[in-house]
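Please open the structure in your viewer and keep the selection panel at hand.

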Protein chains: 2
Amino acid sequence: MGEQLRRRTGIDAEKILDAALTLFARQGYQVTSMDEIGSSLGIKGPSLYNHVRSKQEVLVTIMTNTMSALIRAQNAALEAGGDFKTQLRRVVEAHVRYHAAHPREAFVGNREIGSLETEYRVELLELRDAYEHKLRSLIEDGSLEGEFLVPSAKLVSYAILEMGIGVATWFNPLGELGVDEVAYVYAEMALRMVTMRTHTEETSLL
Amino acid sequence: MGEQLRRRTGIDAEKILDAALTLFARQGYQVTSMDEIGSSLGIKGPSLYNHVRSKQEVLVTIMTNTMSALIRAQNAALEAGGDFKTQLRRVVEAHVRYHAAHPREAFVGNREIGSLETEYRVELLELRDAYEHKLRSLIEDGSLEGEFLVPSAKLVSYAILEMGIGVATWFNPLGELGVDEVAYVYAEMALRMVTMRTHTEETSLL
DNA sequence: CCTACCGATCGGTAGG
DNA sequence: CCTACCGATCGGTAGG
């Protein structure tokens, strides 16, 4: 009997987003229940509705935050200036660093697009598109200036982003390769992809 | 009143796998019900159990078939022989061709690993690992022979596979680029990744 | 922030 | 291959 000892919970929307992010990343959005999210914060499922409007809103916020962070990092890389090679290096490093440091965000962002209701999905894909086009434009501009030579700016852009996303899958901060080394290697690979090979008979494919 | 006109259904496990694959790819495993799968074949959900043991078995079969097909294609590419560059080109082209031609399998195979029960997930990850190691060994062997020069065979292998998987996301058989052109471009990018750049000050990073 | 509960969905089985 | 149904889960609301 007697009143339950109630510790200051200090629960807010941000803590809920973080707990949900962990669970969504580990087991998926659909399979995660509001009760589970609450439970990982020491409260019951229905109590979450004092802080968030719906489970869908939680997912939308997580995914929008993720794309915003990526776009901010990309803009910072581009605004630092330098020649095209330097800019490409910085953009790729920023992309890889984000995915190495934020695997949960990367998992959810890349796997749960289909779990978004249509209107939100459309908005998110637009952000994603803008992110890709910034990289593509850099490659196109560098090609016009003669610094790069690529078979297809679009495909090279897709490939660079995709391989960087993969880092989130396997990167281990306690592994033998640190985030710096991984970022450098991916930037080097990207630079090779936009640079003519030494002995090449098939440089201009398209 | 009168017996319902019953067309020959001709339903078998294979048809069920194909229908399930389409739905799993479009909306995800968890969200797809057995009733939906049945409905897309003109029968009721419970009738599926005359052909398959469980929904999980359907997913396992789909994903195992996918990895088997990829491994077969990779082996064929390697057995065709040639120098290391030729082998790498063939392996990458086979990888890309599969993902361009089988987007449903690619979506499910890369998004639903977490929907597999532990034992099946372990088995599938072993197949995946073997597939990656075949490519990695090719890169390592080519490096020992002096045909390739890479900052990390492991990372280059990861990057090549990951960028090829991405093709399943955007490739459109009716688009301006055909599957041949896409395969060639990705092989060219892979070859650049394992080849020293012309003007390079930072070739050996690790 | 909690209990109680509504309305709906779902995988799988029984029995034909 | 179908209907009927079991047992369980879940998002969200009511009302405190």
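This is a predicted model: local features need pLDDT of at least 70, side-chain atom pairs count only at pLDDT 80 or more; totals for chains, interfaces and linings use all residues.

The stops below are given in the order in which they may be selected.

Residues are numbered from 1 along each chain as its sequence is written, chains are lettered from A and ligands numbered from 1 in the order in which they are written, and side-chain values use heavy atoms, with hydrogens and water left out.

**Chain A as a whole**

Along the sequence the pattern reads α-α-α-α-α-α-α-α.

The C-alpha atoms of chain A occupy a box of roughly 85 × 40 × 30 Å along the principal axes. The radius of gyration of chain A is 21 Å, whereas a compact globule of 206 residues would have a value near 17 Å; the radius is taken over C-alpha atoms, and the globule rule is 2.2 Å times the number of residues to the power 0.38.

Colour chain A by accessibility next. Of its 206 residues, 47% are buried; buried means under 20% relative accessible area, exposed over 50%, and partly exposed in between (1.4 Å probe, protein chains only). Contact means heavy atoms within 4.5 Å. Among the contacts in chain A with a separation of 6 or more, 68% are between residues 24 or more positions apart.

**The two copies**

**Helix H5 of chain A**

Select residues 103–111 of chain A, which form helix H5; its buried residues are Glu105(A), Ala106(A), Val108(A) and Gly109(A). Which helices do the buried residues of H5(A) pack against? They pack against H1 (13–27), H3 (55–79), H4 (84–101), H6 (118–144) and H7 (153–170) of chain A.

**Trp170(A)**

Move to Trp170(A), in helix H7 of chain A. Its relative accessible area is 22%, so Trp170(A) is partly exposed. Not counting residues up to four places away in sequence, Trp170(A) touches Val182(A) and Tyr186(A), as well as Leu155(B) and Tyr158(B). To Asn110(A), 60 residues away in sequence, the C-alpha distance is 15 Å.

Select Tyr29(B), in the loop between helix H1 (13–27) and helix H2 (34–39) of chain B. Is Tyr29(B) buried or exposed? Tyr29(B) has a relative accessible area of 7% and is therefore buried. Beyond its neighbours within four places in sequence, its contacts include Lys55(B), Gln56(B), Leu59(B) and Glu112(B). Glu14(B) is 15 residues from Tyr29(B) along the chain, with 17 Å between their C-alpha atoms.

Continue to Ile43(B), in the loop between H2 and H3 of chain B. Ile43(B) counts as buried, at 18% relative accessibility. Apart from neighbours within four places in sequence, Ile43(B) contacts Ile11(B), Gly38(B) and Leu48(B). The C-alpha atoms of Ile43(B) and Ile11(B) are separated by 9.2 Å, and the two residues are 32 residues apart along the chain.

Finish at Ser68(B), in helix H3 (residues 55–79) of chain B. Ser68(B) is partly exposed, with 29% relative accessible area. Leu127(B) is 59 residues from Ser68(B) in sequence and 8.1 Å from it in space, C-alpha to C-alpha.

Key: Helices (H or I, at least four residues) and strands (E, at least two) are DSSP runs, numbered from the N terminus.
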